[in-house]
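Here is a short report on how two chains meet. Look at the structure first, then read on.

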Number of protein chains: 2
Amino acid sequence: MSSRDHSPARFPVAVDVVALTVRDDVLHVLLVTRLIEPFRGRLALPGGFVLPGEDLQEAAVRELAEETGVEKVSGHLEQLGSYGPGGRDPRGDVLAVAYLLLAPDFPVLSAGSDAEKAGWYPVSSILDDHGIRLAFDHEKILRDGLERARSKLEYSPLAAAFCGEEFTIAQLRAVYEAVWGLPLDARNFHRKATGTPGFLEETGKVTAGDTGRPAALYRLTAAARPEPGHPARAVLNPPLMRPVS
Amino acid sequence: MSSRDHSPARFPVAVDVVALTVRDDVLHVLLVTRLIEPFRGRLALPGGFVLPGEDLQEAAVRELAEETGVEKVSGHLEQLGSYGPGGRDPRGDVLAVAYLLLAPDFPVLSAGSDAEKAGWYPVSSILDDHGIRLAFDHEKILRDGLERARSKLEYSPLAAAFCGEEFTIAQLRAVYEAVWGLPLDARNFHRKATGTPGFLEETGKVTAGDTGRPAALYRLTAAARPEPGHPARAVLNPPLMRPVS
DNA sequence: TCCCTTTATTGTCAAGGTGACGATAAGTCG
DNA sequence: CGACTTATCGTCACCTTGACAATAAAGGGA
């Protein structure tokens, strides 16, 4: 820190959350419709200003709860990056700290306590050409979050963050296919997922009721489960690489 | 952003830079000695407060120049993460945005314009048990920066950011060994570095004067060179993994 | 000059991982 | 029961890696 600045400038600090989930085999992002200016009527990432005495991650969790009605979100939450403070809010300088949430599909309040409508939107409908334009610089933040998620799947057990506690290999593969936007060979994926030491363990249970042969249910190994405070361990070694094309 | 907050809280925003280099085959970090409270006399990462109208990365470059006397730093600069705002500065809430600089060895002013002494310190001397204690939460930031650098070497061409424009395979290998703290097999490394398409290209020149056989000089391919604004491309595919032990 | 030391570079080989894809297994549905 | 669907196991050629031998190209000293 500079020793010269007697009274440093102060900035409002906002947290914005890129919440991703896989719904019907399609990657979705959680967005709210803004009911006030600026960008009234536009879709935006959920978020809000950090309060005094609050930590960044606390603020992210609180804003997510306020705007989506979810008190206890399971899944994986990590910091994505910071943006600004200039050129991103017409009201003036605002520093934004973005967080990335990878979570199983959860219901959102159609009208949160902030009176903003929240809902899941397919990521492709936002990022495609001629997609819906987001407020602020949220499209860039979403792109950064998507790329972070894509690369993290390669070497970390984070794909399981999109699933519940127990899941089948096919469900896990559907996560990879939805996030990467690529088809994967079911047999090779099964070999890699079940063959990686310290990644998955069988629960002994199987699915029922669906069409086709029942699938075995797996859960993450204790070693692969994200610990509070610790980053997700690099369990997939060698990594599960994205196909080139 | 929350629609409810009419006058959001404002925080001072500091940028801190984890500047790493390889010097005499040892990883060093750039630190300054604080001459004022708090943490007077302690070593700290160079950094300072963001000024109004300034971007985060601009502030990082400016503070680095002010405290180390380097106007144009070559190498790779990327955002590392944000810390706080609570519990990291005894003067009160301060949000810190950390940046990571991977650079060739450059001289630092022994007394910068901020009158803080800057110098290179072996990373191990800071992070070892009984190492020198840094000011603020800078030890955690340094650890995060080190881990980021270590993992980035695996799949990106960023090791070359520690070298000059042209370098030998052995110099590049020395970077990996210094950052990872592990010995690598010179022959297998040579095969991987020269055999990866789109990574290195020969300059045709060779080193001279040293003991032993002269080494060929290489440079990064245009595709592997970091573009302004773009992240470092994932050129090493499959990656060059750290040995397990 | 010739040998020794040092560093760079090229090969070799076995083991393991991956992509492509055939073959079975175990359910549901008609 | 037979068709269909999904899950799981096997096979095989190819590629990459780790371990390590061998060769190349300098400088230094006897």
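## Extent of the contact

This is a predicted model. Chain A brings 49 residues to the contact, and chain B brings 49 residues.

The size of an interface is often given as the accessible area lost when the parts come together. Between chain A and chain B, about 3,700 Å² is buried. Carbon and sulfur atoms give 56% of that area.

## Polar links

How many salt bridges cross the interface of chain A and chain B? The rule finds zero. Polar contacts do occur: seven residue pairs are in polar contact between chain A and chain B, both residues at pLDDT 80 or more.

## What chain A supplies

Several elements of chain A each give at least two residues to the side that touches chain B. They are β1 (10-23), β4 (47-49), α1 (56-68), β5 (76-83) and β6 (95-102). β1(A) gives the most, with six residues.

By class, the side of chain A that touches chain B has 21 nonpolar residues, 11 polar and 17 charged.

## Strand pairing across the chains

β1(A) also pairs with strand β1 (residues 10-23) of chain B. The sense is antiparallel, over three bridges. Pro12(A) has Arg10(B) as its bridge partner in β1(B).

Which surface does each copy use? Of the interface residues of chain A, 100% are also interface residues in chain B, so the copies meet through the same surface.

Note on methods: Residues are numbered from 1 along each chain as its sequence is written. Chains are lettered from A and ligands numbered from 1 in the order in which they are written. This is a predicted model: local features need pLDDT of at least 70, side-chain atom pairs count only at pLDDT 80 or more; totals for chains, interfaces and linings use all residues. Side-chain values use heavy atoms; hydrogens and water are left out. Contact means heavy atoms within 4.5 Å. Buried area is the accessible area (1.4 Å probe) that two parts lose on being put together, summed over both. A salt bridge is a side-chain nitrogen of Lys or Arg within 4 Å of a carboxyl oxygen of Asp or Glu. A polar contact is a pair of N or O atoms within 3.5 Å; within protein, one must be able to donate a hydrogen and the other to accept it, and residues adjacent in sequence count only if both atoms are side-chain atoms. Helices (H or I, at least four residues) and strands (E, at least two) are DSSP runs, numbered from the N terminus. Ala, Val, Leu, Ile, Met, Phe, Trp, Tyr, Cys and Pro count as nonpolar, Asp, Glu, Lys and Arg as charged, and the others, Gly among them, as polar. Two strands pair if DSSP finds at least two bridges between them.
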